[in-house]
Amino acid sequence: MCPACIANMTLIAAGAGSTGGLTALAMKRIFLEPTENIKQTKLEEGKMKIETMETKTELSEMNPSKIVSRAEWLVARKDLLTREKELTRLRYELSRHRRDLPWVKIDKEYVFDGPDGRETLADLFDGHSQLIVYHFMLGPGWEEGCKNCSYLADHFDGANRHLPHRDVTFVVVSRAPLSEIEPFKKRMGWCFKWLSSHGNDFNFDYHVSATEDEHAKGKMDYNYKTQELVSEEMPGLSVFYRDENGDVFHTYSTYARGLDILVGTYNFLDLVPKGRDEDQFDFTMDWVRRHDEY
């Protein structure tokens with residue numbers, strides 16, 4: 001088990017009344033913490049009311065009184081369709097704003113160890129102009145990769161059959177040495193290209209690995225703010241563009257719950273009556289296992 005996952009379970013067991021418990025609450029934010037609108041209801045003048053567990057359970061129960069005629073169901077379904085279309089339009093608009101973000105030119109050279117030998121960041125584009133890098137939580141000396149990153153990674157190979165046909169290269173990068181990455185990749189049966197940033201500053205510069213100074217201070221710059229250090233490795237995704245002159249630019253990075261869009265399993269679960277059905281757990285994704293551990 002990766003140190004982050006061990007810390008997660010151990011600290012939560014300590015309880016929120018202790019220092020360890022407080023750290024456990026921070027650990028929930030590594031990936032997909034329960035959404036605030038599940039836990040809180042907005043009241044007048046911006047005040048917040050914390051819902052009880054009983055209220056959450058009642059809302060999530062399968063309710064026989066919801067059974068209606070086909071005609072009544074169709075009315076409700078069309079109302080929901082209006083909301084779904086509104087969300088789709090908003091998502092398209094958000095994607096447009098994402099594409100309109102300014103770029104940062106990369107002047108620093110990063111050299112990675114991969115299955116094809118040593119490659120620079122520019123080499124990773126592999127003939128395409130766009131590059132997506134997933135920052136996988138696997139640090140030097142870890143026995144295995146983070147189970148939550150593994151959950152996301154189970155979705156990568158299917159998408160990666162299509163991405164090259166839209167001028168996109170996808171790779172995964174971790175700070176562990178390649179000799180530690182490859183056995184875990186083989187165990188999981190994944191095909192995507194996975195490289196090591198061990199020995200360069202890539203993970204530190206994109207704020208997914210804690211620096212020595214951050215370790216000493218107990219705080220880390222993650223998800224665009226300084227917060228308590230909860231793991232030496234954190235998840236994220238970064239996007240780069242290479243122009244005709246060979247110059248490389250950083251265009252986008254996202255972390256924590258911004259990675260939710262990558263999880264196809266959650267999109268399926270959002271369609272069913274019970275939804276993600278995670279309210280009974282201490283933290284979101286508590287039920288997740290590496291796919292060979294279920």
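Select asparagine 200. Asparagine 200 has 11% relative accessibility, so it counts as buried (buried is under 20% relative accessible area, exposed over 50%, partly exposed in between, with a 1.4 Å probe and protein chains only). This residue belongs to the loop between strand S8 (193-196) and helix H9 (202-205); helices (H or I, at least four residues) and strands (E, at least two) are DSSP runs, numbered from the N terminus. A contact here means heavy atoms within 4.5 Å. Now zoom in on the side chain of asparagine 200. One of its polar atoms is 2.8 Å from the backbone oxygen of valine 111.

A note on what you are viewing. This is a predicted model: local features need pLDDT of at least 70, side-chain atom pairs count only at pLDDT 80 or more, and totals for chains, interfaces and linings use all residues. Residues are numbered from 1 along each chain as its sequence is written, and side-chain values use heavy atoms, with hydrogens and water left out.

Colour by pLDDT, the predictor's confidence in each residue, from 0 to 100. The protein's mean pLDDT is 85, with 78% of its residues at 70 or more. Select residues 9-27: pLDDT is below 50 there, and the stretch has 22 contacts in the model beyond near neighbours in sequence. Then select residues 34-60, where pLDDT stays under 50 and the model has 23 contacts beyond four places in sequence. Where pLDDT is low, predicted coordinates should not be read in detail.

Next, helix H8, residues 178-188. Show Leu178, Ile181, Phe184, Lys185 and Met188, which are buried. Look down the axis of H8: its buried residues fall within an arc of 130°, so they line one face of the helix. (The arc is that of the directions from the helix axis to the C-beta atoms.) Turn to the face away from this buried side to find the exposed residues Ser179 and Lys186. What do the buried residues of H8 pack against? Strand S4 (111-114), helix H6 (147-153), strand S7 (168-174) and S8. Just past H8, pick glycine 189, with its positive phi of about 75°.

Go to histidine 291, in the segment after helix H11 (264-269). Its relative accessibility is 35%, so histidine 291 counts as partly exposed. Show Asp154, Met188 and Trp190, which histidine 291 touches, not counting residues up to four places away in sequence. The side chains of histidine 291 and aspartate 154 make a polar contact at 2.7 Å. (That is a pair of N or O atoms within 3.5 Å; within protein, one must be able to donate a hydrogen and the other to accept it, and residues adjacent in sequence count only if both atoms are side-chain atoms.) The histidine 291 side chain also reaches the backbone oxygen of methionine 188, at 3.1 Å.

Last, select Tyr134, Phe136, Phe156, Phe170, Phe184, Trp190, Phe192 and Trp194, which form one aromatic cluster. Rings of Phe, Tyr and Trp (its six-membered ring) pair if their centres lie within 6.5 Å; planes under 30 degrees apart count as stacked, over 60 as edge-to-face and the rest as tilted. Tyrosine 134 and phenylalanine 136 have ring centres 6.3 Å apart and planes at 80°, so this pair is edge-to-face. For phenylalanine 192 and tryptophan 194 the centres are 5.9 Å apart and the planes at 45°, so this pair is tilted.
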